[in-house]
Amino acid sequence: MRETENLIVGLGIAGINLCHQLEKQGKTFLVIDNCPDNSASLVAGGLFNPIGLKRKIKSWMVDELFEVMVPNYKELEEKLHTRLLHELPILKPISSKEELPEWQSAIDENRISPYVDTLISEPPTGLFQSNVVGSATIHHGGFVNMRSAIFEYRQYVKEKGWLIQDSFDYFAIEESSKGISYKGISADRIIFCEGRFISTNPFFSWVPLKPTKGQMLTVKVSPHLSSEMIYNQQFYMFPTTENNVFRLGATYDWNDLNEEPTEAAKEDLISKVKKALNVEMEVLEHQAAIRPNVHDRRPVLGSHPENPNLILFNGMGSKGVMLAPYFAKELMSHIYEKTPLNPEVDINRFVKKFYEKA
Ligand SMILES: Cc1cc2nc3c(=O)[nH]c(=O)nc-3n(C[C@H](O)[C@H](O)[C@H](O)COP(=O)(O)OP(=O)(O)OC[C@H]3O[C@@H](n4cnc5c(N)ncnc54)[C@H](O)[C@@H]3O)c2cc1C
């Protein structure tokens, strides 16, 4: 029997952050992942933006999330010997005169400080289309190279002998004196980080996920756009390491939940860019995947109502990059130090309404 404290299922951005916290705190784990070529984490842009652009407010818990997120990805960079974190300003074109005073009051009232401090309230020339009346620059934004994070971390745990490349078989779980046994592994607990596939997990399929399809393009842009900037206006576009090549995202669709890219989504993304920026684009790649969103737009973590050794870490929605490091840490303290979970993310918020006792 192979012994471990934690058996993790799923190695997307949620699983990686959890494994990283476990290793950091000297806890043992093995991770099971079916290592797909396509998953939400592999397709995602990986953007982090501290400001909710529509309401011109700080993103939920952003100050606390950033405090954990930035050092966390830097530690992963060191561990994996690869660059993951790209901190870049976000340029937000403003396309209506009514919006200018709204941004100005948000700045004056310190609602979006320290992330936005100035507003350019004149139509800039050249780059922007003529309908753009000003722009705001958002500091402390950026993106994480998700593909590198996933592929490099997979390799890292493989070399350590901690990765089991397989699909998890829920019916092979047995209760043991130590906690759980699974196909020759004895573990204190299993932590499920399966993203959208929670729907096939017999222990947690009752948790009300509201999956959302998202699509991304990789585009070659002309004329030259600054690669020191992210462009964000009903779309986001950020540079890759190749000259003039940007990733452009993302669409939201709650109805069509297959992973096939669609022409309609491609056209939608291109037309949004063209409304704001004076550029031509050639599409190099088009991808789609499903985000694990929750109805109340908060992560969901904690133990199964009847079996405390089965634990969930899910619901990263459209903000896995920002949410996963902080809440991986919170889940760890909950498990090892018995600290209470933030009620906004605690799985208990759904138990009464959605869970039927076995
Ligand atoms: C188009 C698009 C753009 C996005 N852009 C951004 C962005 O800019 N910024 C941002 O923060 N977020 C973004 N997101 C959201 C982000 O992708 C998610 O928040 C995040 O990837 C969810 O990570 P996860 O680890 O929970 O799930 P996943 O990435 O889906 O990972 C789950 C893993 O578990 C494996 N797995 C599941 N079940 C089993 C099983 N039974 N056995 C074995 N393995 C299993 C899966 O194969 C997968 O490897 C975007 C998403 C999409 C689709």
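A: In helix H7, the buried residues are Gly320, Val321, Met322, Leu323, Ala324, Pro325, Tyr326, Phe327, Ala328, Glu330, Leu331 and Ile335. A residue counts as buried when 20 or more other C-beta atoms lie within 10 Å of its own, as exposed when there are 12 or fewer, and as partly exposed in between, with C-beta atoms placed from the backbone. The model is predicted: local features need pLDDT of at least 70, side-chain atom pairs count only at pLDDT 80 or more, and totals for chains, interfaces and linings use all residues. Residues are numbered from 1 along each chain as its sequence is written.

H7 covers residues 320–337. Helices (H or I, at least four residues) and strands (E, at least two) are DSSP runs, numbered from the N terminus. The 18 residues of H7 should span 26 Å at 1.5 Å a residue, and the 24 Å between its end C-alpha atoms agrees with this; the expected span is 1.5 Å times one less than the number of residues. After H7 comes Lys338, which has a positive phi near 60 degrees.

A nonpolar core is a set of buried Ala, Val, Leu, Ile, Met, Phe, Trp, Tyr and Cys residues joined through C-beta atoms within 7 Å. The largest such core contains 103 residues, and Leu18 and Phe313 have the most contacts inside it. H7 gives this core its largest share, nine residues. Leaving aside residues up to four places away in sequence, Leu18 touches Ala328 and Leu331, as well as Ile8, Ile191, Cys193 and Phe313; contact here requires C-beta atoms, placed from the backbone, within 7 Å. In soluble globular proteins, nonpolar side chains tend to be buried together.

Strand S14 (residues 185–192) runs parallel to S21 and is joined to it by three bridges, with Phe192 opposite Leu312. Strands pair when DSSP finds at least two bridges between them. Strand S20 (residues 300–303) pairs with S21 in the antiparallel sense over four bridges, and Leu301 has Phe313 as its bridge partner. S20 and S21 form a hairpin, with six residues between them.

Elsewhere, eight strands make up an open sheet of mixed pairing, in the order S8-S9-S7-S16-S17-S18-S15-S19. Strand S8 (119–120) and strand S19 (280–291) are at the edges with a single partner strand each, so one side of each has no neighbour in the sheet. Strands S7 (residues 90–94) and S9 (residues 134–138) pair antiparallel over five bridges, and Pro93 has Ser135 in S9 as its bridge partner.

Within this sheet, four of the five residues of S18 are buried. S15 and S18 run antiparallel and are joined by five bridges, with Met216 opposite Gly249. S17 pairs with S18 in the antiparallel sense as well, over four bridges, and Phe238 stands opposite Arg247. The hairpin of S17 and S18 has five residues between the strands, and in it Asn244 takes a positive phi near 65 degrees. Helix H6 (residues 263–276) lies across S7, S15 (212–222), S17 (236–239), S18 (245–249) and S19, at about 125 degrees to S19. Such angles run from 0 to 180 degrees between N-to-C directions, with axes fitted to C-alpha atoms, for helices over the stretch in contact.

A further open sheet has three strands in the order S3-S10-S6, with antiparallel pairing. S3 (47–48) and S6 (85–87) are its edge strands, each pairing on one side only.

For the chain as a whole, there are eight helices and 21 strands, and buried residues make up 43% of the 358 residues. Of the contacts with a separation of 6 or more, 73% involve residues 24 or more positions apart. A compact globule of 358 residues would have a radius of gyration near 21 Å, and the chain's 21 Å agrees; the radius is taken over C-alpha atoms, and the globule rule is 2.2 Å times the number of residues to the power 0.38. The C-alpha trace spans about 70 × 40 × 40 Å along its principal axes.

Technical notes
Contact = placed C-beta atoms within 7 Å.
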